[in-house]
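Please look over the sequence and the structure below. The briefing that follows goes through them topic by topic.

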Amino acid sequence: MLFNSFLFIFFFLPVTLVVYYRLADSGFRSSAIAWLVICSLFFYGWWNPPYLLLIICSILVNFTIGRGLQRMAAGAAKKLLLTVGIAFNLFLLGYFKYANFFIDQLNVIFTTGVKLEPIMLPLAISFFTFQQIAYLVDVYRSDVQKYRFLHYCLFVTFFPQLIAGPIVQHHEMFPQFARLTQSNERLKQLSFGMVLFLIGLSKKVLFADSLALYASPIFDGAERMVALSFWEGWSGALAYSLQLYFDFSGYSDMALGLAKMMNINLPINFNSPYKATSIIDFWRRWHITLSRFLRDYLYIPLGGNRVARPRYYTNLFLTMLLGGIWHGAGWTFVIWGALHGFCLIINHLWRSGCKALLGPDRKSTPIGIFCGRVLTLLCVIIGWVFFRAESVEGAWYLLGVMLGTNGFGVPQDLADQLVYLQQLVHTFGIIGSESGLRIDLWSGMQLIFLLGLVALFFPNSNQLIEDNGKWFTFSRYLLSKPLLTGIAGSSLFFYVFINLSREAEFLYFNF
C-alpha cells in the first residue's frame with residue numbers, strides 16, 4: 001500500500017485515525033496502541049501477506065533476545081547472546097537481499113552454473129533489521145529500560161516509518177508511546193501533520209513522478225548504448241538527481257506528517273542536502289538517521305577518529321562502502337559507496353590541510369562556500385549515476401556521454417522549443433507515440449531548472465513548521481488566515497488528486 005494511493009488516503013488513513021482517536025479519548029490506552037500495531041501489520045501485509053510471518057518472526061526473536069540481554073550480567077555469555085542476535089538479523093537481511101547476487105558472483109568466478117530461484121525482497125527489511133540491531137546493541141550496553149511487548153511491536157512496525165525510514169531509536173519512541181493518548185494539542189498536531197503530508201504528497205506526485213518521465217528514458221538508453229548527446233546525458237542525470245531528492249523528501253515529509261497526526265514526533269531524516277557545502281555536510285543532511293546508525297553502530301565501534309590516521313580513513317571508507325552495499329545488491333551500489341568514501345576522505349584531508357595552513361579559526365569566504373556547494377553537487381550527481389544505473393557498463397557509458405564522448409552538439413530542434421526524443425522514445429519502447437506522449441526536452445530543462453531552484457534555495461518543510469526562524473513566522477501567518485489557507489490547501493490537494501492516477505512507488509521502497 002502506497003502513501004500516494006487512493007486506498008491509503010481515502011480508506012486506510014481515515015479509518016486508522018478515527019478508531020485510534022475514539023480509543024484514545026475513551027481512555028483505552030493499550031487498545032489504542034494495539035490498534036496501531038494491527039493497522040501497521042495490515043499496511044505491511046497488503047503488499048505480500050506471506051511476508052507478515054517474516055516481520056512477526058523477526059519481532060519475536062529480537063524481543064526475546066533483548067529480554068535475555070536485560071536479565072544477564074556483563075560477561076562472555078551476554079556478549080555471545082548479542083552476537084547471536086546480530087547474526088540472526090544479518091542472516092535474514094543477507095539471505096533475502098544478497099543471496100542471488102552472491103550466487104551470481106560465485107558462478108562468474110568459478111565458472112559454475114549454480115541456480116537459485118529469484119528471491120523477492122521483503123519490503124522494509126533493511127530498515128527494520130537495522131532498527132532492531134540498534135535496539136539489541138543498546139540493550140547490551142544497558143541503555144534500555146524494560147518495555148512492554150506491545151510497545152516494542154509498535155516501535156518496529158509503526159507504519160509511517162516502517163517502509164523507508166527514518167530509522168528510529170528506542171529512546172525516541174518508547175517515551176512517546178507512554179503518553180500516546182494525550183490529546184491536549186491534538187488539533188494542532190493534526191493540522192501540522194496534514195500540512196506536512198500534503199507537502200510531501202505534492203513533492204512526490206507533482207515533482208518526482210514528473211521528473212521520472214525525463215530521467216528513465218535516458219538511463220534506459222544508456223543501458224542499451226543508444227547514441228546519446230552531451231545534453232541528453234546531463235538532462236537525464238540532473239532529472240534523476242532531482243527525482244530522487246523530491247521522492248525521498250516527499251516520503252520523509254509524509255512520514256513525519258502521518259506520525260504527527262497521532263501525536264508522535266519522528267526524527268528529521270532529510271534537511272535540504274543539496275544546500276550542503278561539502279560531502280561531510282551532505283551526509284549530515286541526507287538520510288540523517290542512516291548516517292547516525294552507521295556512525296554509532298559501525299564507524300565508532302571500528303575506532304572512529306580515535307585511532308591512527310590511516311586506520312581512521314580506513315574506518316571512514318569501510319563505513320561508506322557498507323552504507324552503499326546496504327542500499328542494494330549490485331556493483332553499482334558498491335561503487336557508489338566507495339565513491340562517497342573516497343570523497344569523505346578527501347574532504348577530511350582538505351579540512352586538515354586548511355586548518356594547518358590557515359589556523360583553526362579560519363572562516364569560509366562566500367566564494368569558498370559557492371565553490372564548495374558546486375563541487376559537492378557535482379560529486380553527488382556523479383554518484384547518483386551509479387546509484388540509478390542498472391549496470392556498471394551503463395553508468396560508465398552515461399558518464400562518458402556527460403564528458404562529451406559523443407560530442408557537444410545541440411539536440412535537433414532545440415532552437416524551436418527543443419521538441420525532443422521522439423525517435424529515441426521509439427527506440428526505448430517506454431513511452432510510445434501511440435500513447436500520444438512525447439518527451440519535450442525544452443519542457444524537461446525548464447522543469448529541472450525550476451525544481452533545482454527549489455532544492456537549492458527554497459526553505460524546506462522542517463523550516464516551515466519548526467518553532468523558530470523567519471520561515472515559521474511566515475507559515476504561521478498563512479495558517480492564521482483560515483480562508484486563504486483553506487483555498488490554497490484545497491486547490492493544491494485537488495491538483496494532486498487528479499494526478500494520483502499515475503500512482504508510482506517510492507524509490508526507497510527498493511532498498
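Is Asn347 buried or exposed? Asn347 is buried, with a relative accessible area of 11%; buried means under 20% relative accessible area, exposed means over 50%, and partly exposed lies in between, using a 1.4 Å probe and protein chains only. The model is predicted, so local features need pLDDT of at least 70 and side-chain atom pairs count only at pLDDT 80 or more, while totals for chains, interfaces and linings use all residues. Residues are numbered from 1 along each chain as its sequence is written, and side-chain values use heavy atoms, with hydrogens and water left out.

**The chain as a whole**

- The chain has 21 helices and zero strands; helices (H or I, at least four residues) and strands (E, at least two) are DSSP runs, numbered from the N terminus.
- Of the 511 residues in the chain, 53% are buried.
- The chain exposes about 24200 Å², and carbon and sulfur atoms supply 66% of this area; accessible areas come from the Shrake-Rupley method with a 1.4 Å probe, and for residues only the protein chains shown count as cover.
- Among contacts between residues at least 6 apart in sequence, 76% join residues at least 24 apart, where contact means heavy atoms within 4.5 Å.

**Helices H5 and H12**

- Two packed helices are described by the angle between their axes and the distance between the axes.
- Helix H5 (residues 125–140) packs against helix H12 (residues 288–299) at an angle of about 35 degrees, and their axes are 11 Å apart. Axes are lines fitted to C-alpha atoms, for helices over the stretch in contact, and angles run from 0 to 180 degrees between N-to-C directions.
- The crossing of H5 and H12 is left-handed; a crossing is left-handed if the near helix is turned anticlockwise from the far one by less than a right angle, and right-handed if clockwise.
- On the H5 side the residues are Phe130, Ile133, Ala134, Val137 and Asp138, and they meet Leu290, Phe293, Leu294 and Tyr297 in H12.
- The residues of this contact divide into eight nonpolar, no polar and one charged. Ala, Val, Leu, Ile, Met, Phe, Trp, Tyr, Cys and Pro count as nonpolar, Asp, Glu, Lys and Arg as charged, and the others, Gly among them, as polar.

**Salt bridges**

- Side chains of opposite charge can pair when their charged atoms come close.
- The whole structure holds seven salt bridges; a salt bridge is a side-chain nitrogen of Lys or Arg within 4 Å of a carboxyl oxygen of Asp or Glu.
- Asp138 pairs with Arg141, with the closest N and O atoms 4.0 Å apart. Asp138 is buried at a relative accessible area of 5%, whereas Arg141 is partly exposed at 41%.
- Glu172 pairs with Arg292, and the closest N and O atoms are 2.5 Å apart. This pair links distant parts of the chain, with Glu172 in helix H8 (residues 170–178) and Arg292 in helix H12, 120 residues apart. Both Glu172 and Arg292 are buried.
- In the salt bridge of Arg285 with Asp281, the closest N and O atoms are 3.2 Å apart, and both residues are buried.

- Asn347 lies in helix H14 (residues 331–358). Its contacts, leaving aside neighbours within four places in sequence, are Ser278, Ile279 and Ile280. The C-alpha atoms of Asn347 and Ser278 are separated by 7.2 Å, although the two residues are 69 residues apart along the chain.
- Gln243, in helix H10 (residues 230–261), is buried with a relative accessible area of 8%. Not counting residues up to four places away in sequence, Gln243 touches Ala208, Leu211, Ala212, Ala215 and Leu507.
- Leu399, in helix H16 (residues 392–402), is buried with a relative accessible area of 10%. Leu399 and Gly233 are 166 residues apart in sequence and 7.6 Å apart in space, C-alpha to C-alpha.

**Backbone details in loops**

- Gly165 and Pro166 are joined by a cis peptide bond, with omega about 10 degrees. Pro166 is in the loop between helix H7 (159–162) and H8.
- Ala124 is not a glycine, yet has a positive phi of about 70 degrees. Ala124 is in the loop between helix H4 (76–110) and H5, and is buried at 2%.
- Ser272, in the loop between H10 and helix H11 (279–282), has a positive phi near 45 degrees. Ser272 counts as buried at 2% relative accessibility.
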